[in-house]
Amino acid sequence: MSEKRHQVEKLATGIPGFDHISDGGLPKNRTTLVSGSAGSAKTVFGSQFLVEGIKRGEGGVFVTFEEEADDIRSNLLSLGWDIDRLERENKWAFVDASPCSTTWTSSPAIMISARFLPAYSTRCAR
Ligand SMILES: Nc1ncnc2c1ncn2[C@@H]1O[C@H](COP(=O)(O)OP(=O)(O)O)[C@@H](O)[C@H]1O
Ligand SMILES: [Mg+2]
């Protein structure tokens with residue numbers, strides 16, 4: 001069997017150090033679980049993954065179960081990522097499933113996601 005047959009196709013995250021140590025990025029078309037203690041950079045990693053995908057012409061969906069989308073927007077803005085602008089440009093969508101979201105079952109974000117997720121996004125962080 002050729003060596004190529006054993007190769008897993010990778011999706012570059014756009015995060016230079018990570019793509020280097022992971023030999024090209026994350027396995028393409030698979031689900032990857034990023035785990036770690038609080039403050040270990042799971043949210044920053046997921047956000048940078050989406051931002052870098054957007055720079056490459058992909059769409060990004062961020063599903064939040066923990067923090068409210070507004071808190072994430074403010075925090076990422078202070079890191080130089082203007083998520084509000086990306087949302088207005090229809091490049092980034094939040095699905096807010098956070099416990100503080102009292103209307104999440106009827107939230108427009110959830111309804112949008114049903115159409116948006118399969119049709120548009122190639123990157124998803126949650
Ligand atoms: N806007 C910011 N400015 C400076 N440091 C930040 C900012 N947001 C997060 N951090 C720091 O980056 C690290 C990773 O944060 P985060 O990705 O939110 O962690 P996790 O999601 O794993 O709990 C933490 O040490 C946090 O304090
Ligand atoms: Mg987090």
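Modeller: Before we start, one definition: a residue is called buried when its relative accessible area is under 20%. Keep in mind that this is a predicted model.

Colleague: Thanks! So is T64 buried or exposed?

Modeller: T64 has a relative accessibility of 3%, so T64 counts as buried. You can find T64 in strand β3.

Colleague: Which residues does T64 touch, leaving out those up to four places away in sequence?

Modeller: T64 touches A69, I72, V95, D96, A97 and S98.

Colleague: What about G59, where does that one sit?

Modeller: G59 lies in strand β3. G59 is buried, with a relative accessible area of 4%.

Colleague: And how many residues apart in sequence are G59 and K91?

Modeller: They are 32 residues apart in sequence, yet their C-alpha atoms are 5.0 Å apart in space.

Colleague: Let's move on to helix α3. Which of the residues of α3 are buried?

Modeller: Helix α3 runs over residues 69-77, and its buried residues are A69, I72 and L76. They cover an arc of only 60° around the axis, which puts them on the same side of α3.

Colleague: Then what is exposed on the other side of α3?

Modeller: There you will find D70 and L77, and both are exposed.

Colleague: Back to the buried residues of α3: what do they pack against?

Modeller: They pack against α2, β3 (59-64), α4 (83-88) and β4 (92-96).

Colleague: Which polar side-chain atom lies 2.5 Å from a nitrogen atom of ligand 1?

Modeller: That atom belongs to S78.

Colleague: And what do the backbones of G39 and V44 do there?

Modeller: In G39, a backbone N or O atom lies 2.8 Å from an oxygen atom of ligand 1. For V44, a backbone N or O atom is 2.9 Å from an oxygen atom of ligand 1.

Colleague: Last one: how much of ligand 1 does the protein bury?

Modeller: Taken alone, ligand 1 exposes 560 Å², and the protein buries 58% of that.

Terms used: Residues are numbered from 1 along each chain as its sequence is written. Chains are lettered from A and ligands numbered from 1 in the order in which they are written. This is a predicted model: local features need pLDDT of at least 70, side-chain atom pairs count only at pLDDT 80 or more; totals for chains, interfaces and linings use all residues. Side-chain values use heavy atoms; hydrogens and water are left out. A polar contact is a pair of N or O atoms within 3.5 Å; within protein, one must be able to donate a hydrogen and the other to accept it, and residues adjacent in sequence count only if both atoms are side-chain atoms. Accessible areas come from the Shrake-Rupley method with a 1.4 Å probe; for residues, only the protein chains shown count as cover. Buried means under 20% relative accessible area, exposed over 50%, partly exposed in between (1.4 Å probe, protein chains only). Helices (H or I, at least four residues) and strands (E, at least two) are DSSP runs, numbered from the N terminus. The arc is that of the directions from the helix axis to the C-beta atoms. Contact means heavy atoms within 4.5 Å.
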